[in-house]
Amino acid sequence: AGDDVGYYCVNAARWLHGREPVAVAARQHVGPEGVDEEFQGVLDFGDGRSALVASSFCQPYRHEVELLGTEGRILVPNAFVNRSDPLWFEVEDADGARERVDTPGDDEYRLEVEDFAACVRDGRQPEVVSHDDTLANMRATDALYESARTGRTVEL
């Protein structure tokens, strides 16, 4: 939650759950430069749904998302990367059967810039990530930082 990748984790958790968290709890380790080198947070989405986010500058490089459910899991091993080459994810059902799903890649930054330019040109708001969605993600991120600072669960 502290660096860009952590912010993306919070956004992915909100998107996957399709709702906002009702409470969060977090811990962080701040390095000598004042930057959070390690950050872990739990987002409670209510109804027994939760997400664990972890971000680190000290651990080996990883950028994955794993979604665990009552009927299986989905693993995206190369999330949050800007690559044009094809990507893949893995789906595993409750019986342990696995399927690899290949998907084409694209230049995400180019697509962001093109969409931004179209928004300015057409006088419209972004469709994929709206201003309201961005503000909601910042509310959750700010609550995680508050929890890490105070050592308490923060309700939203």
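Q: What's the mean pLDDT of the protein chain, and how many of its residues reach 70 or more?
A: The mean is 89, and 96% of the residues reach 70 or more. pLDDT is the predictor's confidence in each residue, from 0 to 100. This is a predicted model, where local features need pLDDT of at least 70 and side-chain atom pairs count only at 80 or more, while totals for chains, interfaces and linings use all residues. Residues are numbered from 1 along each chain as its sequence is written, and side-chain values use heavy atoms, with hydrogens and water left out.

Q: Which elements have the lowest and highest mean pLDDT?
A: Helix H1 (residues 4-17) has the lowest, 83, and strand S8 (residues 154-155) the highest, 98. Helices (H or I, at least four residues) and strands (E, at least two) are DSSP runs, numbered from the N terminus. Over residues 1-5 the pLDDT is below 50.

Q: New topic: how many aromatic pairs does the structure hold?
A: One. Phe39 and Tyr145 sit edge-to-face, 5.2 Å centre to centre with 65 degrees between the planes. Rings of Phe, Tyr and Trp (its six-membered ring) pair if their centres lie within 6.5 Å; planes under 30 degrees apart are stacked, over 60 edge-to-face, and the rest tilted.

Q: Where in the chain are those two?
A: Phe39 is in strand S2 (residues 36-46) and Tyr145 in helix H3, 106 residues apart, so the pair links distant parts of the chain.

Q: Is Phe39 buried or exposed?
A: Phe39 counts as buried, at 1% relative accessibility, whereas Tyr145 is partly exposed at 23%. Buried means under 20% relative accessible area, exposed over 50%, and partly exposed in between (1.4 Å probe, protein chains only).

Q: And what about Ser147, what does it contact?
A: Ser147 is in helix H3 (residues 131-150) and is buried, with a relative accessible area of 1%. Leaving aside neighbours within four places in sequence, Ser147 contacts Val24, Ala25, Ala26, Arg152, Thr153 and Val154. Contact means heavy atoms within 4.5 Å.

Q: OK, strands now. How many bridges join S6 to S7?
A: Six, and the two strands run antiparallel. Strands pair if DSSP finds at least two bridges between them. S6 and S7 form a hairpin with four residues between them, and Gly96 in the turn has a positive phi of about 95 degrees.

Q: Where's Pro104, then?
A: Pro104 is in the loop between strand S7 (98-103) and helix H2 (108-122). At 70% relative accessibility, Pro104 counts as exposed.
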